[in-house]
Structure formats: structure tokens, C-alpha cells
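Hello,

Here is the structure for your files, followed by what was found in it. Please have the sequence open while you read.

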Amino acid sequence: MRRVNHLATLSRAFSGAASHQRLVQGAAMISTYAASNSQCFASRIAESFRISNPPVARGVTGTMFFSVAASSLAQEAQAKEAPPVEKLMPKDVVLYQYEACPFCNKVKAFLDYYNIPYKVVEVNPINKKEIKWSDYKKVPILKIDGEQMVDSSDIVDKLFQRIHPDNSVTDSDEERQWRGWVDNHLVHVLSPNIYRSVSEALESFDYITTHGNFSFTERLVAKYAGATAMYFVSKKLKKRHNITDERAALYGAAETWVDALKGRQYLGGLKPNLADLAVFGVLRPIRYLKSGKDMVEHTRIGEWYSRMENAVGEPSRIKA
């Protein structure tokens, strides 16, 4: 990251931040910039990630979620799903996304698993200029041979039907149940965890701003103002979703998923189904965050995640 002299004081203020006071002081130092915008800069960042109506600033559901277990189960590695036959393969696939967005990562997990090449357009969450052409102002947006698709679950359903035209049903009742669980429960449990403490809030926003499409100034403001806002918002989210202990809820969700496997390698049996890909996609962006490392250390989810890493394999993203 570029360094400029006038940021030295700000950098020192946040080095080793370990208290509310330091974080709030740092946010105050950049408040002049944020106030110059028509809306609170941190709120604009938060809004772009789609946690609905938190009381302080709109939250970040494009947040992050957990770190994969280090154990490698090479003997259980599964080959990626064979690519669709040529006549079914989309010719031009473009994903408009935020790198840290869990819903975008659900779509990417599907594309990667099925070896469907795709290009990525990283959307700036402040001005969203990259999707000005669309009436839909959220991500993910997937363009396939010129056709626009929106909403991660709907995108996956349509893609699955396209490459499996003989299947009249996209997923089983069990599969559908757990795909809904990802969107309606898992995401809500994880958000309070990644903003649980000052250091974790800063860690999370460092990931978001490092991987997102931000200018240098936007990155600086988003990291500290956003982390400050979300640290306090996370406390409201806990109450809203009836969470008393963040880590206990996180560990409980992981164990619930492992129990759902019922001893199978995947929920889909010998190979992943759409629910496996949804859980994996949501978890993949935050494999190096503290909350994820804690989750792997204290639950049984690591072995399944390692199998999923091997099954999904390398991204099929086309490098620019």
C-alpha cells in the first residue's frame, strides 16, 4: 500500500489498537473527510453489503466468515465436476461482484466447481459506477451471453438448469432446506463474530478494503470508519438475532452443518450438491480471519471444508 507522510499520525494511532478509545479516536481523525460526503461514508460502505437496517449504519453482509482447517485430506480429494458439454457451455460469462461478498462467492463456487470460465468486474461499493447500466443495484449480477441474472440463489438455479437440461428438479427438499439455512441463519450468525472486538473489526475491514475496488482515500476511510461503525452495530445485530455468545453461536452453526452430513462426505453424498457449494462459497472469503481460525479449532467442520477445497479446485476465473 502506498505510504504518504500525512498519514503517519493516523497509522500510529491504530497500530496495535486494543481499546474502544483508540478506534473511536482514529475514526474522529477521518471524520472531516467523511462529513464532506452527502451520506456517511461508512454507511455507504455498509449498505453495499446488504445487512438490512442496522440501527447505527447499515451492516456488511458482504462480510466474511471463516478460516479453513489446515489438515489436508488428499486421499479423499474429489475431481471437479466435468465441464458442461460444449453446446451447453456459456460463451461469455461476466460476474459483477464485491470480492468479500458471501453471495457473490456462492456464485463463484458454482462456476469454479463446474469449470465454467468467467470474467470478474469488481464493483466500487461507494459509487457503483460499474453497474450503472443495470436497474438492479446490488451484487452479484451475472451476465451470460448478454443475459442479466440477479440474486445468488436464482443465478445458481438457472445455471444448474442450463447445464443439466434433463433435470426437472434443481434440488431435493434436503438440499433446498440447507441452502435456505445458509442465507437465513449462517450469514446472520457470522456477522457479529467478525466484528466482535476492535481488532477483529479492523481485521475484517482490512480484508474488505484490500480486496475491494477502492481508491487509496476510500480504502483508508472505509477501513477505520467502517470498522468503528460495525463494531458497535454488531452489538445490535446480536440482539436482533437473539445471540448471547457470538462464538458459541458460530460453533453451533458449524456443528449443525456437520451433523446434517450424517457421516457423508458431502450433503450430496459422494460429490457436493448445491447446498455444499453454498456453505463453502459463503465461508471461503474469510479463511484467514480470527473468527474462522477459532471455528476450525473448536468444531468438526475442518475436514469437510478441506474436502470441498479439493473438490472445487482452482478458480475458473479468466485473468485479465
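V94 stands opposite K143 in β5. Strand β3 (residues 93-97) and strand β5 (residues 141-144) are paired antiparallel, over four bridges. Strands pair when DSSP finds at least two bridges between them; strands (E, at least two residues) and helices (H or I, at least four) are DSSP runs numbered from the N terminus.

This is a predicted model, in which local features need pLDDT of at least 70 and side-chain atom pairs count only at pLDDT 80 or more, while totals for chains, interfaces and linings use all residues. Residues are numbered from 1 along each chain as its sequence is written, and side-chain values use heavy atoms, leaving out hydrogens and water.

β3 and β5 belong to an open sheet of four strands, ordered β4-β3-β5-β6, with mixed pairing. β4 (119-122) and β6 (147-150) are at the edges with a single partner strand each, so one side of each has no neighbour in the sheet.

Helix α6 (residues 152-163) packs on the sheet and touches β5 and β6 (contact: heavy atoms within 4.5 Å). The direction of α6 makes about 130° with that of β6; axes are lines fitted to C-alpha atoms, for helices over the stretch in contact, with angles from 0 to 180 degrees between N-to-C directions.

In helix α12 (residues 290-298), S291, G292, D294, M295 and V296 are buried, meaning under 20% relative accessible area (1.4 Å probe, protein chains only). Their cover includes α7 (173-194), α8 (198-211), α10 and α13 (301-312).

Y266 lies in the loop between α10 (246-261) and α11 (274-283), and is buried at 0% relative accessible area.

Regards

Technical notes. Buried means under 20% relative accessible area, exposed over 50%, partly exposed in between (1.4 Å probe, protein chains only).
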